[in-house]
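Have a look at it, then work through the points in order.

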Amino acid sequence: MAFPQLIPSASASSSSSLPHNPSLINPNSLSFSPNPKFPTSAPPPPQYLPFSHRRRGTKPNSLLRCSASEKHHTNSSPKSDDVIELPLFPLPLVLFPGAILPLQIFEFRYRIMMHTLLHTDLRFGVIYTDSVSGTADVGCVGEVIKHERLVDDRFFLICKGQERFRVNSVVRTKPYLVAQVTWLEDRPSSASEDTNLDGLAGEVETYMKDVIRLSNRLGGKPEKEVGDLRRNLFPTPFSFFVGSTFEGAPREQQALLELEDTAARLKREKETLKNTLNYLTAASAVKDVFPSSSS
């Protein structure tokens, strides 16, 4: 699920280093400063293809298999003060905890990484990068839950977002990036704040449903009742789910990923959805008055 247009609020607050643009989000119009933690000699961002882009005539040497991490996962829960080394996969997208990311790996250095991961814990860091302005220092662990290795040594992966992390320093850049990272967690809330968070999450879900309904209407799709979007998720994982739907606006997604406060993330998402709903409502009114203008 993704929203075609997102209009963030100028008043939305964020701890992110990314700028907050009150206008219609354009992925090419925003930028953030080059990250000094990543040396300029680091390898360029990897080329990648969506999972569905399979080369015609290439046969896999195995079916899509469950990875060891899906069968049994014995890693203990990470602590925020833990410092570990993590291989990094810079991509022009943002992965959120709980989100599913299909990938096709075909660059040699990342095929090397995959061979290593398949013999270790199957976890690597997905971190947002911009080819013009640099690499963010907050990302999300991607855990390989299914993989398929082809005869030409390419890999098809299905990954699931796990913990967030912050890059402390780069350990090495060849053959692929490896960094020292610490885990990033939302600040704990009190019992009263939990009640407010639950209500805020409900408001965000209502705005999401309205945006989906109007987007479908403007797109000529049949209007139907939008089902349960929250799916009994607690406010924090629900806020990550909402952020994962903001595809096409990776810098806004990165700003949401970096926030360490669930309430602040939900409030920012609420304002973005509210402004987007206002825009769609106006567009729908124009379409009703001037039907031919939508063609």
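1. Let's start with salt bridges: searching the whole structure turns up 17 of them. Keep in mind that this is a predicted model, so what follows describes a prediction.

2. Take the pair Glu143 and Arg123 to begin with. Their closest N and O atoms sit 4.0 Å apart. Buried or exposed, what would you guess for Glu143? Glu143 has a relative accessible area of 5%, so it counts as buried. Arg123 is buried too, at 7%.

3. Now look at Asp152 and Arg154, another salt bridge, where the closest N and O atoms are 2.8 Å apart. The two partners are worth checking one by one. Asp152 is partly exposed, with 27% relative accessibility, while Arg154 is buried at 3%.

4. Which parts of the chain does the salt bridge between Glu203 and Lys270 link? The closest N and O atoms of this pair are 2.5 Å apart. Glu203 lies in helix α3 (residues 191–218) and Lys270 in helix α6, so to speak two distant parts of the chain, 67 residues apart. Glu203 itself comes out as partly exposed, at 35% relative accessibility.

5. Helix α6 covers residues 262–289, and Phe290 is in the segment after it. Phe290 teams up with Val286 and Val289 in a nonpolar patch on the surface, and together they have about 290 Å² of accessible area. Why does Phe290 count as exposed? Its relative accessibility is 51%, and the cut-off for exposed is over 50%.

6. There's a record to compare with here. An unreviewed UniProt entry lists residues 249–283 as a "coiled-coil region". In the model that span is 89% helix and 0% strand, and its end C-alpha atoms lie 20 Å apart.

7. Finally, step back to the whole chain. You'll find 6 helices and 7 strands, in the order β-α-β-β-α-β-β-β-β-α-α-α-α along the sequence. Of its 295 residues, 47% count as buried. Among contacts between residues at least 6 apart in sequence, 73% join residues at least 24 apart. The accessible surface is about 14800 Å², with 53% of it belonging to carbon and sulfur atoms.

Technical notes. Residues are numbered from 1 along each chain as its sequence is written. This is a predicted model: local features need pLDDT of at least 70, side-chain atom pairs count only at pLDDT 80 or more; totals for chains, interfaces and linings use all residues. Side-chain values use heavy atoms; hydrogens and water are left out. Helices (H or I, at least four residues) and strands (E, at least two) are DSSP runs, numbered from the N terminus. Buried means under 20% relative accessible area, exposed over 50%, partly exposed in between (1.4 Å probe, protein chains only). Contact means heavy atoms within 4.5 Å. Accessible areas come from the Shrake-Rupley method with a 1.4 Å probe; for residues, only the protein chains shown count as cover. UniProt positions are given in the numbering used here, feature names are shortened, and annotations may be inferred rather than shown by experiment. Patches are made of residues with over 30% relative accessible area and no salt bridge: like charges are joined within 9 Å, nonpolar side chains (Val, Leu, Ile, Met, Phe, Trp, Tyr) within 5 Å. A salt bridge is a side-chain nitrogen of Lys or Arg within 4 Å of a carboxyl oxygen of Asp or Glu.
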